Amino acid sequence: MVERTELFHEVSTAGFDVVEKPLSAWEKLYDNGAVRKTALLAILAGAWELYARWLGNPLLVPTFSATVGALFASVASGALPRAAVYTISMLLKGYAAGLAIAALLTAFATGTRIGADLLETLTAMFNPLPSIALLPLALVWFGLGAGSVIFVLIHAVLWAVALNTFAGFRSVSPTWKMVGQNYGLSRASYIARILIPGAFPSILTGLKVGWAFAWRTLIAAELVFGVSSGSGGLGWFIFERKNQLLIADVFAGLLTVILFGLAVENLIFKTIESRTVRRWGMQA
Amino acid sequence: MVPLLSVEGVTLRYRTRDHLVTATYRVSFNLFQSDRFVVLGPSGCGKSTLLKAVGGYIQPTEGRIRLNTTNITGPGPDRVFVFQEFDQLLPWKTVKENIVFALTASGKLPRPQAEERAVHYIAKVNLTEFALSYPHTLSGGMKQRVAIARAMAMEPQILLMDEPFAALDALTRAKMQEELLQLWEETKFTVLFVTHSIPEAIRVGNRVLLMSAHPGQVRAEVNSRGADVPDASGKALSARIHELLFGEGTQQGVANHG
């Protein structure tokens, strides 16, 4: 072993190059995801405009400016808002009904073993079945109209939500379950105050997936309806304008579908996420 | 004197996928008011299972567990658990709300009084400035202190602690043991404390139950005065415990560690 003397150093308190320095405005701007994505969107819109002008065929690809113009005109005439309101109200009805049935099914599955088996079997069968495939059958059962659309919407929402909620309940930490039991909670408040918040990350995933399925299904269903009926949702709006060869209006309709999808995903679900699972540290 | 908790000839069995396991076999002991009763044993001696049985999560297959002469039939707020896991706090509630929820959900106190008591116990574990923080922002030691505050705020007849410091680093662990003893000095609660660490058992307990493994049986019950001091025969308490748990052969090893 080597004998060494003990060493002591003075710690300096000044003379460092940078200890803490605010970032420049440009650096902060570039760190902001929203700013970067907005810039990308602007570039894409510019590319679209250039391509459409170069192509010079508004029946195939209208320019970006023509699409925006058609969008404003359709909004001003009230046709597009009417279609959007119709679609949204239909979607909310179907979504709410789907959630209610999913809640019942999950409650049954949580309470009994046979209920769990039932839920697993039904989900395994119906989850891979695209809802739109049920539309012909729905038309036979419920006729043309809201009934059929709501039926396929329920199918779109139900399985994703029930499956995720049930899986979430199952994966709730056993420690939280024991903590809940320790307080002598009743069955109902045990579910409401331990299981649901504990499973919230999965429940939220189910809600998002259910919403996305329902939105796609609804637009597709309205396109089919467009062939035979006059119920006027966004899908119908797109279908009708295509028949009239108003392609800029078709693009405007598609843009509206995209905008609604983005708004729900980024405003509603993101807000719920940042106020719940992110704040609780249950999701990175 | 009537014991606060009496465990009489308790055999615990549980089922795994392909075995029926006997965790403890005819274990008996008594807890009195203000005891710091430690159950010490190697892993596999069924000490955690035993604690869960006292908590009411498992029913004994033989024998009985009585609290104040009443048989324990299920979990209840008169016996509050502190677990080893850091995730025992509900992550969707702040530190304060975790304690308030415990008090209101169990029907111990209405909300205003519950909040007052929560503030009081948070101060006791020196976390006042973190009262409004969510658990995921706290360190492991702080989480365990909240869990202890939450359990103490319930003012249960017995605190059940299942290796609450086992997942902490050695320095934090020693500090938490001191804090627990300090809290005990102030309120003289009764605690049933499970550990596999001999020094922790000696430090925390006034009475230590030694259990052998596979299945867990009572080997001895010894007294501790909080320090590892030699008895009349000149043997240190830790050495005696080691001998009782692992037999004569391994005594040399302990002596070497001093």
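**View 1. Confidence along chain B of the predicted model.** Over residues 250-258 of chain B, pLDDT stays under 50, and the model has 5 contacts (heavy atoms within 4.5 Å) beyond four places in sequence for them. Where pLDDT is low, the predicted coordinates should not be read in detail. The model scores ipTM 0.84 and pTM 0.80.

**View 2. Helices α3 and α4 of chain A.** Helices are DSSP runs (H or I, at least four residues), numbered from the N terminus. The axes of α3 (residues 64-77) and α4 (residues 79-111) of chain A come within 4 Å and cross at roughly 75 degrees, axes being lines fitted to C-alpha atoms over the stretch in contact, with angles from 0 to 180 degrees between N-to-C directions. That makes α3(A) roughly perpendicular (65 to 115 degrees) to α4(A).

**View 3. Helices α4 and α5 of chain A.** The axes of α4(A) and α5 (residues 113-126) of chain A come within 5 Å and cross at roughly 135 degrees. In α4(A), A:Leu105, A:Phe108 and A:Ala109 meet residues of α5(A), among them A:Ile114 and A:Leu119.

**Notes.** Residues are numbered from 1 along each chain as its sequence is written, and chains are lettered from A and ligands numbered from 1 in the order in which they are written. In this predicted model local features need pLDDT of at least 70, side-chain atom pairs count only at pLDDT 80 or more, and totals for chains, interfaces and linings use all residues, while side-chain values use heavy atoms, with hydrogens and water left out.

Definitions and conventions
pLDDT = per-residue confidence, 0-100. Helix = DSSP H or I, 4+ residues; strand = E, 2+ residues; numbered from the N terminus. Parallel < 35°, antiparallel > 145°, perpendicular 65-115°, else oblique.
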